[in-house]
Amino acid sequence: MPQMAARSEISRTPSTSTHAAWQALRDHYETVRGLHLRDLFADDPTRGERMTAEAAGVYLDYSKHRINDETLKLLIELAEQSGLRARIDAMFRGEKINITENRAVLHVALRAPKGASIVVDGRNVVPEVHAVLDKMADFANRVRTGQWKGHSGKRIRNIVNIGIGGSDLGPVMAYEALKYYSDRAMTFRFVSNVDGTDFVEATRDLDAAETMFIVSSKTFTTLETMTNAQSAREWSLRGLGGDAKAVAKHFVAVSTNGEKVAEFGIDTANMFEFWDWVGGRYSMDSAIGLSTMLAIGPDHFQAMLEGFHAIDEHFRTAPFGRNLPVLMGLLGVWYNDFFGAQTVAVLPYDQYLKRFPAYLQQLTMESNGKHVTLDGVTVDYQTGPIYWGEPGTNGQHSFYQLIHQGTRLIPCDFIAFGYALNTLGRHHDMLVANVFAQTEALAFGKTREQVKAEGTPDWLVPHRVFEGNRPSNTILMDRLTPAALGKLVALYEHCVFTQGTLWDIDSFDQWGVELGKVLAQRIIPELESKTEPKLGHDSSTTTLIRRYRKLKDAM
């Protein structure tokens, strides 16, 4: 089969650290590690204009990186020697590049236009995608216009999305990011944590007669999601007179398990499907985004998909030296594997993007937090870094101190927009001024001589010196629209893909989340048992279980 042949070819790619370009980058690093951005800019007055790239309305300034033209040349050679182009093509062709699960990786199909063809197992999946999108749009329009009525005849005004991982982080991030475009006559809440507080606080002020739950679980067996869903069912029935028929008017499902959905009481006509070639952390533009469509409407949702697709096409076709996700991915590898940087700070200067760093944590760290190659060989280099961040300017009064004057090198991504969605006096100019000021300060710092020239006492000078030479990207876009959000997410999706390819790892499985879940299923009955259970854990876990049981008994 062609897919199997592609798998074998990909898996035979030599280990990343054996590529000639990797060895050349090691040598090159020794020659440039001491270069300062002050000197790089002084030696090349056009650097700030030259080291930029633009596509689909996304402008990337990568000039404030500790690189020169030779660095970039070697990084691009590494991408070529790693087979990045062939792997991109394989993904877009629908080949099963998720080798440990023998699955295609086709989030790009979720935003492919009608008429496109992406074949998986001999079937074009694009018409199926659009059939689900059309079903979602019809449903969203009926709810948004009040045509859909609850069990008591009232219209639905509250939407509660129940999911976890990609079934929560994507929808809640998109809702917050696009709140400007949302229907403010409706209330949207998101429940993910199995901690009962999450559900109680989300529903405390809601009327069951006006509330609809979206239960998002591919298998309809996810422990946290189904525990919360069952609590939601009980809450709804208490508020609706106990008639089990009410469930069909107040619950819909995003799932593939029709039997379990029907057993729960949901009409399978209101089950929205997705596919095993969609990873959870890549699914916000699938039926998992139903809450997003309900909030912003089908037209805005379609605009978001078009934004995704614009970057997909750029990533698929642009040469590496002008390819935004590839450039970002290469620079990430440069700091992660040669400078030893352990984290990346993502700093969106837009309050609507307050959940974007949290969303990226799953996208990046679940994808590239791997310790073996595609061949199952333990890597001899670092893979995925830790992603974190907060919106500006809040972070400036929190952790920026460490980025500026701490001992750790922390590459930063600054995200800004030319126009504010909410114009209020001088606010936006001040906000964007801080973006530019921070990247300038991080890059060039403040020398001892500059500090002394200000009349600073000698004893205070060391405390006020900024070393600079702290790298950053600046991503600048027009305004935060649904299309812009799609472009931004796709940019990072393909950056993750690029890095995973260079590290020769499978970015699309997540076996690391399984072990703890399995052990939890073993421990739950030990905590709930009315009689003292026989415990076979380590001494720490056993002691903790016994202490917890005593705390429960004392209540």
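Author: Start with pairing: two strands pair if DSSP finds at least two bridges between them. Strands (E, at least two residues) and helices (H or I, at least four) are DSSP runs, numbered from the N terminus. This is a predicted model, where local features need pLDDT of at least 70, side-chain atom pairs count only at pLDDT 80 or more, and totals for chains, interfaces and linings use all residues. Residues are numbered from 1 along each chain as its sequence is written, and side-chain values use heavy atoms, leaving out hydrogens and water.

Reader: What is the order of the open sheet of six strands?

Author: The order is β1-β2-β13-β12-β10-β11, and the pairing is mixed. β1 (52-55) and β11 (386-388) stand at the edges with a single partner strand each, so one side of each has no neighbour in the sheet.

Reader: Which strand does β12 join through six bridges?

Author: Strand β12 (residues 412-417) is joined to strand β13 (residues 472-477), and the two run parallel. Look for F417, which stands opposite M477 in β13.

Reader: Where do the side chains of a strand point?

Author: In a regular strand they alternate between the two faces of the sheet. Take β5: N158, V160 and I162 point one way, I159 and N161 the other.

Reader: Are the residues of β5 buried or exposed?

Author: Buried means under 20% relative accessible area, exposed over 50%, partly exposed in between (1.4 Å probe, protein chains only). Five of the five residues of β5 (residues 158-162) are buried, so this strand is largely enclosed by the rest of the structure.

Reader: Which strands pair with β5?

Author: Five bridges join β5 to β6 (residues 187-191), in parallel. β5 also pairs with β7 (residues 211-216) in the parallel sense, over five bridges. N161 stands opposite F190 in β6 and opposite I214 in β7.

Reader: How do α6 and α14 cross?

Author: Axes are lines fitted to C-alpha atoms, for helices over the stretch in contact; angles run from 0 to 180 degrees between N-to-C directions. Under 35 degrees counts as roughly parallel, over 145 as roughly antiparallel, 65 to 115 as roughly perpendicular, the rest as oblique. The axes of α6 (residues 84-93) and α14 (residues 298-317) come within 9 Å and cross at roughly 140°. The two helices are therefore oblique to each other.

Reader: Which residues of α6 and α14 meet?

Author: Contact means heavy atoms within 4.5 Å. R85, I88, M91 and F92 in α6 meet D312, F315, R316 and T317 in α14.
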